Amino acid sequence: MIDAVSWATATPELLLLGMACVIALFDLFIDTPLRDATFRLTQLTLAVVAVLEGYLALSGQTLTGFGGMIVSDPMAAWLKCFATVALMVTLVYARPYAAARDMLRGGELFTLSMFALLGMFIMISGHHFLVIYLGLELLTLSSYALVALRRDDVRATEAAMKYFVLGALASGFLLYGLSLVYGATGSLGIADVARVVEAGVAQPQVLMLGVVFVVAGLAFKLGVVPFHMWVPDIYHGAPTSITLLIGGAPKLAAFAILVRLLAEGLPAVAVDWQQMLAFLAVASLLVGNLAAVAQRNFKRMLAFSTIAQMGFMLLALVGGVVGEDRTGMGGAFGAAMFYVVTYVLTTLATFGVMLLLAREGFESEEIADFAGLNQRSPLYAGVLAACMFSLAGVPPLVGFYAKLAVLQALLAAGGGLYVGLAVFAVLASLVGAFYYLRVVKVMYFDAPAQTAPIQAPLQVRAVLSVNGALVLILGLLPGGLMTLCIQAVRAVF
(Lines give C-alpha, C1' and ligand atoms only; values in the text may rest on other atoms or scores of the structure.)
Protein backbone atom coordinates (compact mmCIF):
# COMPACT_ATOMS: atom_id res chain seq x y z
CA MET A 1 0.00 0.00 0.00
CA ILE A 2 1.32 3.45 -0.91
CA ASP A 3 1.76 5.69 2.12
CA ALA A 4 0.80 9.35 2.47
CA VAL A 5 4.42 10.53 2.16
CA SER A 6 4.67 8.95 -1.29
CA TRP A 7 1.55 10.74 -2.47
CA ALA A 8 2.83 14.02 -1.00
CA THR A 9 6.16 13.57 -2.77
CA ALA A 10 4.42 13.10 -6.11
CA THR A 11 1.76 15.79 -5.66
CA PRO A 12 3.15 18.21 -8.31
CA GLU A 13 3.51 15.39 -10.84
CA LEU A 14 -0.02 14.14 -10.18
CA LEU A 15 -1.41 17.66 -10.54
CA LEU A 16 0.46 18.17 -13.80
CA LEU A 17 -0.70 14.81 -15.17
CA GLY A 18 -4.32 15.40 -14.21
CA MET A 19 -4.46 18.88 -15.71
CA ALA A 20 -2.69 17.77 -18.90
CA CYS A 21 -5.44 15.18 -19.38
CA VAL A 22 -8.15 17.75 -18.58
CA ILE A 23 -6.72 20.22 -21.10
CA ALA A 24 -6.45 17.48 -23.74
CA LEU A 25 -10.16 16.67 -23.26
CA PHE A 26 -11.07 20.34 -23.08
CA ASP A 27 -9.46 20.90 -26.49
CA LEU A 28 -11.76 18.33 -28.06
CA PHE A 29 -14.88 20.36 -27.37
CA ILE A 30 -13.86 23.96 -28.08
CA ASP A 31 -13.49 25.95 -31.26
CA THR A 32 -10.30 27.65 -32.36
CA PRO A 33 -11.46 31.14 -31.25
CA LEU A 34 -11.67 29.80 -27.68
CA ARG A 35 -8.08 28.55 -27.73
CA ASP A 36 -7.10 31.43 -25.45
CA ALA A 37 -9.00 29.66 -22.67
CA THR A 38 -6.72 26.63 -23.09
CA PHE A 39 -3.68 28.87 -22.87
CA ARG A 40 -4.92 30.56 -19.70
CA LEU A 41 -5.78 27.22 -18.09
CA THR A 42 -2.33 25.88 -18.96
CA GLN A 43 -0.60 28.94 -17.52
CA LEU A 44 -2.72 28.78 -14.35
CA THR A 45 -1.80 25.14 -13.86
CA LEU A 46 1.88 25.85 -14.39
CA ALA A 47 1.74 28.79 -11.98
CA VAL A 48 0.21 26.59 -9.25
CA VAL A 49 2.84 23.90 -9.85
CA ALA A 50 5.66 26.46 -9.74
CA VAL A 51 4.39 27.92 -6.44
CA LEU A 52 4.05 24.43 -4.97
CA GLU A 53 7.58 23.48 -5.99
CA GLY A 54 8.92 26.79 -4.66
CA TYR A 55 7.24 26.08 -1.31
CA LEU A 56 8.76 22.59 -1.19
CA ALA A 57 12.18 24.00 -2.04
CA LEU A 58 12.02 26.67 0.67
CA SER A 59 11.00 24.08 3.25
CA GLY A 60 14.38 22.41 2.79
CA GLN A 61 12.91 18.94 3.35
CA THR A 62 14.01 15.77 1.59
CA LEU A 63 11.17 13.32 1.05
CA THR A 64 11.37 9.89 -0.55
CA GLY A 65 8.40 7.96 -1.80
CA PHE A 66 7.30 4.79 -3.56
CA GLY A 67 9.94 2.68 -1.90
CA GLY A 68 12.74 5.15 -2.54
CA MET A 69 12.06 5.30 -6.28
CA ILE A 70 11.46 9.07 -6.28
CA VAL A 71 12.93 11.81 -4.11
CA SER A 72 11.92 15.40 -3.47
CA ASP A 73 14.92 17.32 -2.18
CA PRO A 74 15.80 21.03 -2.49
CA MET A 75 17.71 20.51 -5.73
CA ALA A 76 14.80 18.66 -7.32
CA ALA A 77 12.25 21.20 -6.12
CA TRP A 78 14.23 24.21 -7.36
CA LEU A 79 14.99 22.62 -10.74
CA LYS A 80 11.33 21.71 -11.22
CA CYS A 81 10.29 25.23 -10.20
CA PHE A 82 12.74 26.77 -12.69
CA ALA A 83 11.67 24.34 -15.44
CA THR A 84 8.00 25.22 -14.88
CA VAL A 85 8.69 28.95 -15.02
CA ALA A 86 10.78 28.41 -18.16
CA LEU A 87 7.89 26.59 -19.83
CA MET A 88 5.48 29.36 -18.83
CA VAL A 89 7.75 31.96 -20.44
CA THR A 90 8.23 29.75 -23.50
CA LEU A 91 4.48 29.48 -24.06
CA VAL A 92 4.06 33.25 -23.71
CA TYR A 93 6.66 33.81 -26.43
CA ALA A 94 5.42 30.91 -28.57
CA ARG A 95 1.68 31.61 -28.68
CA PRO A 96 1.66 34.48 -31.25
CA TYR A 97 4.14 32.59 -33.43
CA ALA A 98 2.13 29.37 -33.22
CA ALA A 99 -1.18 31.12 -33.88
CA ALA A 100 0.20 32.73 -37.06
CA ARG A 101 1.24 29.27 -38.34
CA ASP A 102 -1.97 27.43 -37.47
CA MET A 103 -0.22 25.36 -34.78
CA LEU A 104 -2.99 25.90 -32.22
CA ARG A 105 -5.81 24.31 -34.19
CA GLY A 106 -5.70 20.96 -32.42
CA GLY A 107 -4.47 22.15 -29.06
CA GLU A 108 -1.57 19.67 -29.04
CA LEU A 109 0.99 22.39 -28.30
CA PHE A 110 -0.18 22.96 -24.73
CA THR A 111 -0.93 19.33 -23.92
CA LEU A 112 2.35 17.98 -25.31
CA SER A 113 4.27 20.75 -23.55
CA MET A 114 2.77 19.73 -20.22
CA PHE A 115 3.56 16.07 -20.85
CA ALA A 116 7.13 17.07 -21.73
CA LEU A 117 7.33 18.98 -18.44
CA LEU A 118 5.98 15.95 -16.60
CA GLY A 119 8.79 13.91 -18.14
CA MET A 120 11.29 16.48 -16.88
CA PHE A 121 9.78 16.27 -13.39
CA ILE A 122 10.13 12.48 -13.34
CA MET A 123 13.72 12.71 -14.56
CA ILE A 124 14.60 15.28 -11.90
CA SER A 125 13.03 13.37 -8.99
CA GLY A 126 13.80 9.85 -10.20
CA HIS A 127 15.96 7.84 -7.79
CA HIS A 128 15.66 4.57 -9.63
CA PHE A 129 16.99 3.62 -13.05
CA LEU A 130 13.61 2.65 -14.47
CA VAL A 131 11.88 5.79 -13.19
CA ILE A 132 14.55 8.03 -14.72
CA TYR A 133 14.29 6.18 -18.03
CA LEU A 134 10.49 6.44 -18.07
CA GLY A 135 10.74 10.20 -17.49
CA LEU A 136 13.32 10.50 -20.23
CA GLU A 137 11.12 8.64 -22.72
CA LEU A 138 8.07 10.74 -21.84
CA LEU A 139 10.07 13.89 -22.52
CA THR A 140 11.60 12.66 -25.77
CA LEU A 141 8.39 11.20 -27.21
CA SER A 142 6.59 14.47 -26.51
CA SER A 143 9.48 16.36 -28.10
CA TYR A 144 9.34 14.24 -31.27
CA ALA A 145 5.64 15.07 -31.67
CA LEU A 146 6.21 18.76 -30.99
CA VAL A 147 8.94 19.03 -33.63
CA ALA A 148 6.54 17.50 -36.19
CA LEU A 149 3.60 19.65 -35.08
CA ARG A 150 3.50 21.50 -38.41
CA ARG A 151 2.48 18.47 -40.46
CA ASP A 152 2.65 20.32 -43.77
CA ASP A 153 6.19 21.62 -43.19
CA VAL A 154 8.70 19.35 -44.91
CA ARG A 155 11.65 20.74 -42.97
CA ALA A 156 9.97 20.18 -39.60
CA THR A 157 8.93 16.64 -40.55
CA GLU A 158 12.47 15.82 -41.66
CA ALA A 159 13.86 17.23 -38.41
CA ALA A 160 11.41 15.14 -36.38
CA MET A 161 12.45 11.98 -38.23
CA LYS A 162 16.15 12.68 -37.61
CA TYR A 163 15.42 13.44 -33.97
CA PHE A 164 13.46 10.21 -33.60
CA VAL A 165 16.16 7.99 -35.14
CA LEU A 166 19.06 9.55 -33.24
CA GLY A 167 17.02 9.76 -30.05
CA ALA A 168 16.25 6.04 -30.24
CA LEU A 169 19.96 5.35 -30.65
CA ALA A 170 20.81 7.47 -27.62
CA SER A 171 18.09 5.84 -25.53
CA GLY A 172 19.55 2.49 -26.45
CA PHE A 173 22.99 3.61 -25.28
CA LEU A 174 21.63 4.81 -21.95
CA LEU A 175 19.40 1.79 -21.37
CA TYR A 176 22.21 -0.63 -22.21
CA GLY A 177 24.54 1.24 -19.86
CA LEU A 178 22.00 1.13 -17.03
CA SER A 179 21.47 -2.59 -17.61
CA LEU A 180 25.22 -3.18 -17.35
CA VAL A 181 25.40 -1.19 -14.11
CA TYR A 182 22.51 -3.30 -12.84
CA GLY A 183 24.37 -6.46 -13.84
CA ALA A 184 27.49 -5.27 -12.01
CA THR A 185 25.73 -4.18 -8.83
CA GLY A 186 22.51 -6.20 -8.69
CA SER A 187 20.38 -3.13 -8.00
CA LEU A 188 18.35 -0.53 -9.88
CA GLY A 189 18.04 1.96 -7.01
CA ILE A 190 20.57 4.77 -7.11
CA ALA A 191 21.26 4.68 -3.36
CA ASP A 192 21.77 0.89 -3.45
CA VAL A 193 24.06 1.13 -6.47
CA ALA A 194 26.20 3.72 -4.66
CA ARG A 195 26.53 1.47 -1.59
CA VAL A 196 27.52 -1.58 -3.63
CA VAL A 197 30.10 0.31 -5.69
CA GLU A 198 31.61 2.01 -2.62
CA ALA A 199 31.83 -1.37 -0.86
CA GLY A 200 33.97 -2.63 -3.75
CA VAL A 201 31.86 -5.72 -4.44
CA ALA A 202 30.64 -4.69 -7.91
CA GLN A 203 32.09 -6.40 -10.97
CA PRO A 204 34.63 -3.77 -12.14
CA GLN A 205 34.82 -4.62 -15.85
CA VAL A 206 31.07 -4.74 -16.35
CA LEU A 207 30.60 -1.62 -14.23
CA MET A 208 33.12 0.39 -16.23
CA LEU A 209 31.56 -0.63 -19.54
CA GLY A 210 28.19 0.41 -18.15
CA VAL A 211 29.56 3.79 -17.09
CA VAL A 212 30.86 4.40 -20.61
CA PHE A 213 27.44 3.76 -22.15
CA VAL A 214 25.65 5.81 -19.48
CA VAL A 215 27.93 8.79 -20.12
CA ALA A 216 27.38 8.41 -23.88
CA GLY A 217 23.61 8.44 -23.42
CA LEU A 218 23.74 11.47 -21.16
CA ALA A 219 26.08 13.24 -23.58
CA PHE A 220 23.48 12.87 -26.34
CA LYS A 221 20.78 14.40 -24.19
CA LEU A 222 23.06 17.35 -23.44
CA GLY A 223 24.04 17.61 -27.11
CA VAL A 224 27.81 17.58 -26.59
CA VAL A 225 30.49 16.36 -29.02
CA PRO A 226 30.67 13.68 -30.44
CA PHE A 227 26.95 13.10 -29.81
CA HIS A 228 25.90 16.51 -31.09
CA MET A 229 24.77 15.60 -34.62
CA TRP A 230 21.09 16.17 -33.90
CA VAL A 231 21.40 19.63 -32.33
CA PRO A 232 21.93 21.92 -35.39
CA ASP A 233 19.46 19.99 -37.57
CA ILE A 234 16.71 19.98 -34.94
CA TYR A 235 17.28 23.61 -33.95
CA HIS A 236 17.12 24.65 -37.61
CA GLY A 237 14.33 22.36 -38.79
CA ALA A 238 11.87 22.65 -35.91
CA PRO A 239 9.50 25.63 -35.65
CA THR A 240 11.25 28.34 -33.64
CA SER A 241 8.81 28.07 -30.75
CA ILE A 242 9.53 24.33 -30.47
CA THR A 243 13.25 24.95 -30.76
CA LEU A 244 12.99 27.13 -27.67
CA LEU A 245 11.01 24.48 -25.83
CA ILE A 246 13.63 21.84 -26.62
CA GLY A 247 16.64 24.07 -25.99
CA GLY A 248 15.45 25.59 -22.71
CA ALA A 249 13.88 23.73 -19.77
CA PRO A 250 15.06 20.19 -20.76
CA LYS A 251 18.64 21.26 -20.03
CA LEU A 252 17.66 21.49 -16.35
CA ALA A 253 16.38 17.90 -16.41
CA ALA A 254 19.51 16.68 -18.19
CA PHE A 255 21.64 18.29 -15.49
CA ALA A 256 19.53 16.58 -12.83
CA ILE A 257 20.07 13.08 -14.20
CA LEU A 258 23.78 13.81 -14.47
CA VAL A 259 23.78 14.48 -10.74
CA ARG A 260 21.54 11.50 -9.94
CA LEU A 261 23.33 8.90 -12.03
CA LEU A 262 26.95 10.02 -11.72
CA ALA A 263 27.38 12.06 -8.54
CA GLU A 264 24.85 10.17 -6.43
CA GLY A 265 24.99 6.72 -7.95
CA LEU A 266 28.62 6.37 -8.99
CA PRO A 267 30.78 8.67 -6.82
CA ALA A 268 33.26 5.86 -6.13
CA VAL A 269 34.27 5.79 -9.82
CA ALA A 270 34.22 9.56 -10.26
CA VAL A 271 37.82 9.60 -11.46
CA ASP A 272 36.78 7.54 -14.46
CA TRP A 273 33.63 9.36 -15.51
CA GLN A 274 35.23 12.76 -14.87
CA GLN A 275 37.92 11.90 -17.40
CA MET A 276 35.20 11.11 -19.93
CA LEU A 277 33.43 14.39 -19.15
CA ALA A 278 36.71 16.27 -19.57
CA PHE A 279 37.11 14.86 -23.07
CA LEU A 280 33.50 15.70 -23.95
CA ALA A 281 33.92 19.25 -22.59
CA VAL A 282 37.12 19.98 -24.54
CA ALA A 283 35.72 18.54 -27.77
CA SER A 284 32.46 20.46 -27.38
CA LEU A 285 34.20 23.77 -26.72
CA LEU A 286 36.44 23.29 -29.74
CA VAL A 287 33.87 22.02 -32.26
CA GLY A 288 30.97 24.15 -31.02
CA ASN A 289 32.79 27.47 -31.13
CA LEU A 290 34.62 26.86 -34.41
CA ALA A 291 31.49 25.63 -36.19
CA ALA A 292 29.40 28.54 -34.89
CA VAL A 293 31.80 31.05 -36.45
CA ALA A 294 30.93 29.75 -39.93
CA GLN A 295 27.14 29.98 -39.49
CA ARG A 296 24.93 32.58 -41.15
CA ASN A 297 21.68 31.13 -39.85
CA PHE A 298 20.96 32.43 -36.34
CA LYS A 299 19.30 29.22 -35.14
CA ARG A 300 22.19 27.05 -36.31
CA MET A 301 24.62 29.46 -34.69
CA LEU A 302 22.73 29.14 -31.42
CA ALA A 303 22.74 25.35 -31.83
CA PHE A 304 26.53 25.21 -32.03
CA SER A 305 26.67 27.80 -29.26
CA THR A 306 24.61 25.43 -27.10
CA ILE A 307 27.10 22.65 -27.74
CA ALA A 308 29.93 24.91 -26.56
CA GLN A 309 27.95 26.18 -23.57
CA MET A 310 27.16 22.65 -22.38
CA GLY A 311 30.82 21.77 -22.79
CA PHE A 312 31.72 24.69 -20.53
CA MET A 313 29.19 23.49 -17.95
CA LEU A 314 30.73 20.00 -17.95
CA LEU A 315 34.03 21.52 -16.83
CA ALA A 316 32.47 22.28 -13.45
CA LEU A 317 31.60 18.61 -13.03
CA VAL A 318 35.18 17.70 -13.90
CA GLY A 319 36.38 20.04 -11.13
CA GLY A 320 34.17 18.42 -8.46
CA VAL A 321 36.71 16.65 -6.28
CA VAL A 322 35.22 13.71 -4.39
CA GLY A 323 36.23 13.60 -0.75
CA GLU A 324 34.89 11.97 2.37
CA ASP A 325 32.23 14.65 2.80
CA ARG A 326 31.90 15.41 -0.94
CA THR A 327 31.86 19.16 -0.25
CA GLY A 328 34.12 19.77 -3.24
CA MET A 329 31.70 17.93 -5.50
CA GLY A 330 28.76 19.85 -4.01
CA GLY A 331 30.37 23.23 -4.65
CA ALA A 332 31.38 22.36 -8.21
CA PHE A 333 28.01 20.88 -9.07
CA GLY A 334 26.39 23.96 -7.53
CA ALA A 335 28.39 26.10 -9.97
CA ALA A 336 27.22 23.83 -12.80
CA MET A 337 23.59 24.21 -11.68
CA PHE A 338 24.01 28.00 -11.62
CA TYR A 339 25.46 27.85 -15.13
CA VAL A 340 22.57 25.78 -16.49
CA VAL A 341 19.89 27.94 -14.84
CA THR A 342 21.38 31.18 -16.14
CA TYR A 343 21.93 29.66 -19.59
CA VAL A 344 18.24 28.75 -19.80
CA LEU A 345 17.32 32.28 -18.68
CA THR A 346 19.47 33.81 -21.43
CA THR A 347 18.21 31.35 -24.05
CA LEU A 348 14.60 32.30 -23.28
CA ALA A 349 15.27 35.98 -23.93
CA THR A 350 17.30 35.27 -27.08
CA PHE A 351 14.59 33.18 -28.70
CA GLY A 352 11.96 35.56 -27.36
CA VAL A 353 13.37 38.35 -29.54
CA MET A 354 13.58 36.00 -32.51
CA LEU A 355 9.95 34.95 -32.08
CA LEU A 356 8.96 38.59 -31.66
CA LEU A 357 10.45 39.50 -35.04
CA ALA A 358 8.92 36.53 -36.82
CA ARG A 359 5.61 37.00 -38.58
CA GLU A 360 3.39 35.03 -40.90
CA GLY A 361 5.47 33.77 -43.81
CA PHE A 362 8.74 35.11 -42.35
CA GLU A 363 10.84 33.24 -39.78
CA SER A 364 13.51 35.85 -38.92
CA GLU A 365 16.16 33.20 -38.39
CA GLU A 366 19.05 34.55 -40.44
CA ILE A 367 21.59 36.81 -38.76
CA ALA A 368 21.00 39.35 -41.54
CA ASP A 369 17.34 39.56 -40.48
CA PHE A 370 18.45 41.45 -37.36
CA ALA A 371 20.09 44.24 -39.35
CA GLY A 372 19.30 47.66 -37.93
CA LEU A 373 17.15 46.27 -35.12
CA ASN A 374 18.28 49.11 -32.86
CA GLN A 375 16.66 51.63 -35.21
CA ARG A 376 13.36 49.75 -35.14
CA SER A 377 13.31 49.00 -31.40
CA PRO A 378 16.15 50.01 -29.05
CA LEU A 379 14.53 47.94 -26.26
CA TYR A 380 14.52 44.63 -28.13
CA ALA A 381 17.97 45.30 -29.57
CA GLY A 382 19.21 45.98 -26.04
CA VAL A 383 17.71 42.75 -24.72
CA LEU A 384 19.29 40.68 -27.50
CA ALA A 385 22.63 42.48 -27.11
CA ALA A 386 22.59 41.75 -23.37
CA CYS A 387 21.97 38.07 -24.14
CA MET A 388 24.80 37.93 -26.66
CA PHE A 389 27.22 39.61 -24.27
CA SER A 390 26.09 37.29 -21.49
CA LEU A 391 26.63 34.16 -23.57
CA ALA A 392 30.06 35.52 -24.52
CA GLY A 393 30.90 36.01 -20.83
CA VAL A 394 31.20 39.80 -20.81
CA PRO A 395 30.83 41.50 -17.39
CA PRO A 396 28.66 42.60 -15.66
CA LEU A 397 26.10 40.21 -17.18
CA VAL A 398 25.17 36.91 -15.59
CA GLY A 399 27.04 34.81 -18.15
CA PHE A 400 30.33 36.28 -16.96
CA TYR A 401 29.70 35.23 -13.37
CA ALA A 402 28.54 31.78 -14.48
CA LYS A 403 31.76 31.20 -16.42
CA LEU A 404 33.80 32.60 -13.54
CA ALA A 405 32.15 30.17 -11.11
CA VAL A 406 32.99 27.22 -13.37
CA LEU A 407 36.62 28.33 -13.70
CA GLN A 408 36.86 28.76 -9.93
CA ALA A 409 35.55 25.22 -9.46
CA LEU A 410 38.22 23.95 -11.84
CA LEU A 411 41.06 25.84 -10.20
CA ALA A 412 39.89 24.85 -6.70
CA ALA A 413 40.46 21.22 -7.67
CA GLY A 414 44.20 21.92 -8.00
CA GLY A 415 46.64 20.27 -10.36
CA GLY A 416 48.12 21.15 -13.74
CA LEU A 417 45.37 19.37 -15.69
CA TYR A 418 42.64 21.56 -14.20
CA VAL A 419 44.65 24.72 -14.83
CA GLY A 420 45.14 23.64 -18.43
CA LEU A 421 41.42 23.02 -18.84
CA ALA A 422 40.67 26.47 -17.41
CA VAL A 423 43.09 28.15 -19.82
CA PHE A 424 41.62 26.24 -22.76
CA ALA A 425 38.10 27.25 -21.71
CA VAL A 426 39.09 30.93 -21.62
CA LEU A 427 40.68 30.73 -25.07
CA ALA A 428 37.63 28.94 -26.47
CA SER A 429 35.39 31.64 -25.01
CA LEU A 430 37.43 34.27 -26.85
CA VAL A 431 36.67 32.46 -30.11
CA GLY A 432 33.01 32.32 -29.13
CA ALA A 433 32.92 36.05 -28.49
CA PHE A 434 33.44 36.65 -32.23
CA TYR A 435 30.13 35.22 -33.41
CA TYR A 436 28.18 36.74 -30.52
CA LEU A 437 29.61 40.20 -31.19
CA ARG A 438 28.86 39.79 -34.90
CA VAL A 439 25.15 39.70 -34.08
CA VAL A 440 25.50 42.89 -32.01
CA LYS A 441 27.35 44.57 -34.87
CA VAL A 442 24.56 43.67 -37.32
CA MET A 443 21.88 45.05 -35.00
CA TYR A 444 23.58 48.37 -34.33
CA PHE A 445 25.65 49.19 -37.40
CA ASP A 446 23.98 47.59 -40.43
CA ALA A 447 21.19 49.30 -42.34
CA PRO A 448 17.75 47.88 -41.59
CA ALA A 449 16.02 45.92 -44.33
CA GLN A 450 12.68 47.08 -42.92
CA THR A 451 11.62 50.19 -41.08
CA ALA A 452 8.16 49.14 -39.92
CA PRO A 453 7.71 49.27 -36.14
CA ILE A 454 7.62 45.96 -34.30
CA GLN A 455 4.19 44.98 -33.02
CA ALA A 456 3.85 42.58 -30.09
CA PRO A 457 1.22 41.75 -27.45
CA LEU A 458 1.62 43.52 -24.13
CA GLN A 459 2.19 40.24 -22.28
CA VAL A 460 5.07 39.30 -24.58
CA ARG A 461 6.70 42.74 -24.25
CA ALA A 462 6.39 42.69 -20.46
CA VAL A 463 7.79 39.18 -20.02
CA LEU A 464 10.63 39.83 -22.47
CA SER A 465 11.58 43.05 -20.67
CA VAL A 466 11.69 41.28 -17.29
CA ASN A 467 13.61 38.38 -18.85
CA GLY A 468 16.24 40.72 -20.28
CA ALA A 469 16.48 42.71 -17.03
CA LEU A 470 17.19 39.53 -15.06
CA VAL A 471 20.19 38.79 -17.29
CA LEU A 472 21.70 42.06 -16.04
CA ILE A 473 20.40 42.01 -12.45
CA LEU A 474 21.64 38.48 -11.74
CA GLY A 475 25.00 39.48 -13.18
CA LEU A 476 25.24 42.42 -10.77
CA LEU A 477 23.81 40.47 -7.80
CA PRO A 478 24.59 36.78 -8.41
CA GLY A 479 25.22 35.83 -4.79
CA GLY A 480 21.67 34.82 -3.88
CA LEU A 481 21.13 32.45 -6.80
CA MET A 482 24.64 31.00 -6.48
CA THR A 483 24.14 30.30 -2.76
CA LEU A 484 20.77 28.72 -3.50
CA CYS A 485 22.30 26.41 -6.13
CA ILE A 486 25.23 25.34 -3.95
CA GLN A 487 23.02 24.65 -0.93
CA ALA A 488 20.51 22.75 -3.05
CA VAL A 489 23.18 20.47 -4.54
CA ARG A 490 24.95 19.94 -1.22
CA ALA A 491 21.63 18.79 0.27
CA VAL A 492 21.74 15.91 -2.23
CA PHE A 493 24.96 14.60 -0.74
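A nonpolar core is a set of buried Ala, Val, Leu, Ile, Met, Phe, Trp, Tyr and Cys residues joined through side-chain atoms within 4.5 Å. In this predicted model, the largest such core contains 184 residues. Met313, Met337 and Met388 have the most contacts inside it. The main contributor to this core is helix α15, spanning residues 327–357, which supplies 19 residues. When residues up to four places away in sequence are not counted, Met388 touches Phe298, Met301, Leu302, Thr350, Tyr436, Val439 and Val440.

Two packed helices are described by the angle between their axes and the distance between the axes. For helix α18 (residues 398–413) and helix α19 (residues 416–445), the angle is about 160° and the axes lie 8 Å apart. Helix α18 is therefore roughly antiparallel to α19, because angles over 145 degrees are placed in that class. On the α18 side, the contact is formed by Lys403, Leu407, Leu410, Leu411 and Ala413. These residues meet Tyr418, Val419, Leu421, Ala422, Ala425, Val426 and Ser429 of α19. Sorted by class, the contact between α18 and α19 comprises 10 nonpolar, 1 polar and 1 charged residues.

A disulfide is a covalent bond between the sulfur atoms of two cysteines. The count of disulfides in the model is 0, with a pair of cysteine sulfur atoms required to be within 2.5 Å. For Cys485, the closest cysteine sulfur belongs to Cys81 and is 12 Å away, so the two are too far apart for a bond. Cys485 is buried, with a relative accessible area of 0%, whereas Cys21 is partly exposed, with a relative accessible area of 36%.

Note on methods. Residues numbered from 1 in each chain as written. Predicted model: local features only at pLDDT ≥ 70, side-chain atom pairs only at ≥ 80, totals over all residues. Heavy atoms only, no water. Axes fitted to C-alpha atoms, helices over the stretch in contact; angles between N-to-C directions. Helix = DSSP H or I, 4+ residues; strand = E, 2+ residues; numbered from the N terminus. Parallel < 35°, antiparallel > 145°, perpendicular 65-115°, else oblique. Contact = heavy atoms within 4.5 Å. Nonpolar A, V, L, I, M, F, W, Y, C, P; charged D, E, K, R; others polar. Buried < 20%, exposed > 50% of the residue type's maximum accessible area, 1.4 Å probe, protein only.
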